[in-house]
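Here's a quick briefing to read alongside the model. Have a look at the fold first, then work through the notes below.

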Amino acid sequence: MRLIKTMSKEDLLMCSVDLVSKTYIGLGHNNVEEDTIIYMSQELADDLAKIYKNFYFEDAENAFKCGIRDDWKTDFIHFNIPVYIKWLKKYKDLVWEARARVDQGENPKQVPYYRPEPKLLK
């Protein structure tokens with residue numbers, strides 16, 4: 001698992017290009033221009049580095065998977081920046097809620113979206 005704040009800008013951008021491309025394909029958008037993918041990827045990488053730097057990149061991938069598959073898209077028209085920000089916020093809330101449930105004594109193996117915090121090196 002790769003913590004976003006530990007990723008290089010280049011690596012984060014390349015992973016974002018992959019994620020944005022897969023998202024367009026997952027939504028059935030086959031005719032997306034390369035400039036659109038590049039722009040969306042740059043914006044995603046920038047948002048992840050600034051707002052979600054303590055996320056794992058895998059969290060972002062999971063947020064997008066849930067956004068595509070689940071009913072989080074009630075006001076969904078097309079894939080854009082406000083849409084992916086909603087997906088990331090919703091997933092962050094799920095992770096935080098899962099952590100709170102485990103902190104209250106629930107079994108971590110039975111709590112959806114729970115993931116242990118990374119161990120810090122001393």
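Helix 2 gives the largest share of the lining of the largest pocket, five residues. Bear in mind that this is a predicted model, where local features need pLDDT of at least 70 and side-chain atom pairs count only at pLDDT 80 or more, while totals for chains, interfaces and linings use all residues. Residues are numbered from 1 along each chain as its sequence is written, and side-chain values use heavy atoms, with hydrogens and water left out.

**The largest pocket**
- Its space comes to about 240 Å³, counted as the space filled by probe spheres set on grid points joined across faces, edges and corners.
- A pocket here is an open set of points on a 1 Å grid over the protein atoms alone, where a 1.4 Å probe fits, with protein on both sides within 12 Å along at least five of seven lines; lining residues have an atom within 4 Å of a point.
- Of the 14 lining residues, Lys-9, Leu-12, Ala-45, Asp-46 and Ala-49 sit nearest the centre.
- By type, the lining splits into six nonpolar, two polar and six charged residues (Ala, Val, Leu, Ile, Met, Phe, Trp, Tyr, Cys and Pro are nonpolar, Asp, Glu, Lys and Arg charged, and the others, Gly among them, polar).

**Helix 4**
- Helix 4 covers residues 81-103 (helices are DSSP runs of H or I, at least four residues, numbered from the N terminus).
- Its buried residues include Trp-87, Leu-88 and Tyr-91 (buried means under 20% relative accessible area with a 1.4 Å probe, protein chains only).
- After helix 4 comes Gly-105, with a positive phi near 110°.

Methods
Helices (H or I, at least four residues) and strands (E, at least two) are DSSP runs, numbered from the N terminus. The expected span of a helix is 1.5 Å times one less than its number of residues. Buried means under 20% relative accessible area, exposed over 50%, partly exposed in between (1.4 Å probe, protein chains only).
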